[in-house]
Amino acid sequence: MSARPLLMIPGPIEISDAVADAVAERPRAHTAPDFVAAYGRALDGMAQIWRAPEGAVPFAVPGSGTLAMETAASNLIDPGDAVVVASTGYFGDRMAEMLRRRGATVTLVQAPTVGDVPDVAAVREALAATGAKALFATHVDTSTGVRIDPVPLAAAARDAGALSVFDGVCATAAEAFDMAALGADVYLTASQKAIGLPPGMALWVASARALATRAALTSPPPMSIDWQPWQPVMEAYRAGKPSYFSTPATTLGWALAVGTTEILAGDADPAKAMELRWAAHRRTALGFRAAWAAMGLRLLPVRDEVTAHTLSALWLPDGVDAPRLLPEVRNRGAIIAGGLHPAVRERTFRVGHMGVVTGRPDALRLTVSAVAGGLAACGVSVDEAAALNAFDAAFQSA
Ligand SMILES: *Cc1c(COP(=O)(O)O)cnc(C)c1O
């Protein structure tokens, strides 16, 4: 995959050779016929990966996950609107702050403890009590490794007549999500997470209802992040025609056609291909969970049902800190991440496991060995062979 140590953080992630080759090509004009075709294919691929409902529009624009979040806040919400944020960590709290800056009245519904999810009944109550225009939630919060179940939250929003917006930056294309079946209104991500590209693109699908909400805003968003001038561009490319509002990231757009094709390659039926893709991430996560348990490590998420398949957020063993552990692991071939959530930053570390590595047990086993060896170098007694055996058994049976 590459000469440097394996990149096992929760984004950016390892990319496939085909995506790397696509990124290495010379830039194309945004009007070049081969680019137009590729960008259109990439957007069609997004619609399949997202399971976008009828009338929804996929967007791929230059930017980050944070920019994708910002577009949702500023295209759906007018100053003075009430919103509910169901937060499971750092990125949910960021969403709440963005919405406050947009002038929204934010009701934050938090989990009882870091590592858990908010109570759905409390979310329903907050939606009803505030007459909220929208519910915002993070599918997988990368600071806690917690995955919320989007099904009851999307239903709660629908029942309350509110829009539902899901931050899928650490989940999209890896965790089960069916935008059409959920009736969700926005599902957003960034190129460097489970989509498997380098950083630089903000990606989202907006439902017809979300687009109508933008059309009815009284306070339009800043032009560069306004959905309205971008929408006809996306529609033109999908129809095989070039169009311009602001220059798209043509190199990443070219690579996105390759990346989305790979994600959907598991089966001729896109729905089946996505089931396989989600299963590969689940199998990888279960393999790692077994290895962590064999090393005596504990996950930050409090229960299996709220534990993400895209990364592991782990408590550091007593007496070990991340500034010591991370270089030891890196020296053994894998780059992992420290903690992020302010409440547990010093006491946790994180290992990302999304994208192409889920089909590379050699890379996953190398990561298990690197963490085991790193912990041993920090004075923790771990049995690397037992951890590898536990990984193999769980990975093969999942
Ligand atoms: C990474 C991430 C973001 C932010 O994405 P950037 O590209 O770093 O701005 C937002 N939400 C979640 C859940 C993330 O994992």
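Arg289 counts as buried in this predicted model, with a relative accessibility of 13%. Arg289 belongs to helix 11, which covers residues 270-294. From there the side chain of Arg289 reaches the backbone oxygen of Thr307, at 3.3 Å.

**Other buried residues**

Ser312 is a further residue that counts as buried, at 3% relative accessibility. Ser312 is placed in strand 11, made of residues 311-315. Its side chain makes a polar contact of 2.8 Å with the side chain of His353.

Ala82 is found in strand 3, residues 82-87. At 18% relative accessibility Ala82 counts as buried, because the limit for that class is under 20%.

Leu217 sits in a loop, the one between helix 8 (208-215) and helix 9 (227-238). Leu217 is buried, with 11% relative accessible area. Leu217 and Ser74 are 143 residues apart along the chain, while 9.4 Å separates their C-alpha atoms.

The relative accessibilities of these residues are collected below.

| Residue | Relative accessibility |
|---|---|
| Arg289 | 13% |
| Ser312 | 3% |
| Ala82 | 18% |
| Leu217 | 11% |

**The ligand and its surroundings**

The ligand has 13 residues around it, and Gly65, Thr66, Thr142, Asp167 and Lys193 come nearest. Sorted by class, this shell has 5 nonpolar, 6 polar and 2 charged residues. Helix 3, residues 65-76, gives the most to the shell, with 3 residues.

A polar backbone atom of Gly65 lies 2.8 Å from an oxygen atom of the ligand. For Asp167, a polar side-chain atom is 2.7 Å from a nitrogen atom of the ligand. Gln192 also takes part: an N or O atom in its side chain is 2.8 Å from an oxygen atom of the ligand. On its own the ligand has 380 Å² of accessible area, and the protein covers 87% of this.

**Aromatic rings**

The structure holds 14 aromatic pairs. One of them is formed by Phe35 and Tyr39, which are stacked, with 5.0 Å from centre to centre and 25 degrees between the planes. Both residues lie in helix 2 (residues 33-50), and because they are 4 residues apart there, about one helical turn separates Phe35 from Tyr39. Phe35 is buried, as is Tyr39.

Ring pairs also join residues into a cluster, in which Trp50, Phe166, Phe177 and Tyr187 are linked.

**Charges over rings**

Which residue lies over the face of Trp254? Arg28 does, at 3.5 Å from the ring centre. Arg283 has its charged end over the ring of Phe395, at 5.9 Å from the centre of that ring.

**Summary of contacts**

Within the protein, the contacts described include the one between the side chains of Ser312 and His353, and the one from the side chain of Arg289 to the backbone oxygen of Thr307. Among the rings, Phe35 and Tyr39 form a stacked pair, and Arg28 lies over the face of Trp254.

Technical notes
Residues are numbered from 1 along each chain as its sequence is written. This is a predicted model: local features need pLDDT of at least 70, side-chain atom pairs count only at pLDDT 80 or more; totals for chains, interfaces and linings use all residues. Side-chain values use heavy atoms; hydrogens and water are left out. A residue is near a molecule or strand if one of its heavy atoms lies within 4 Å of it. A polar contact is a pair of N or O atoms within 3.5 Å; within protein, one must be able to donate a hydrogen and the other to accept it, and residues adjacent in sequence count only if both atoms are side-chain atoms. Accessible areas come from the Shrake-Rupley method with a 1.4 Å probe; for residues, only the protein chains shown count as cover. Helices (H or I, at least four residues) and strands (E, at least two) are DSSP runs, numbered from the N terminus. Ala, Val, Leu, Ile, Met, Phe, Trp, Tyr, Cys and Pro count as nonpolar, Asp, Glu, Lys and Arg as charged, and the others, Gly among them, as polar. Rings of Phe, Tyr and Trp (its six-membered ring) pair if their centres lie within 6.5 Å; planes under 30 degrees apart count as stacked, over 60 as edge-to-face and the rest as tilted. Buried means under 20% relative accessible area, exposed over 50%, partly exposed in between (1.4 Å probe, protein chains only). A charge sits over a ring if NZ of Lys or CZ of Arg is within 6 Å of the ring centre and within 35 degrees of the ring normal.
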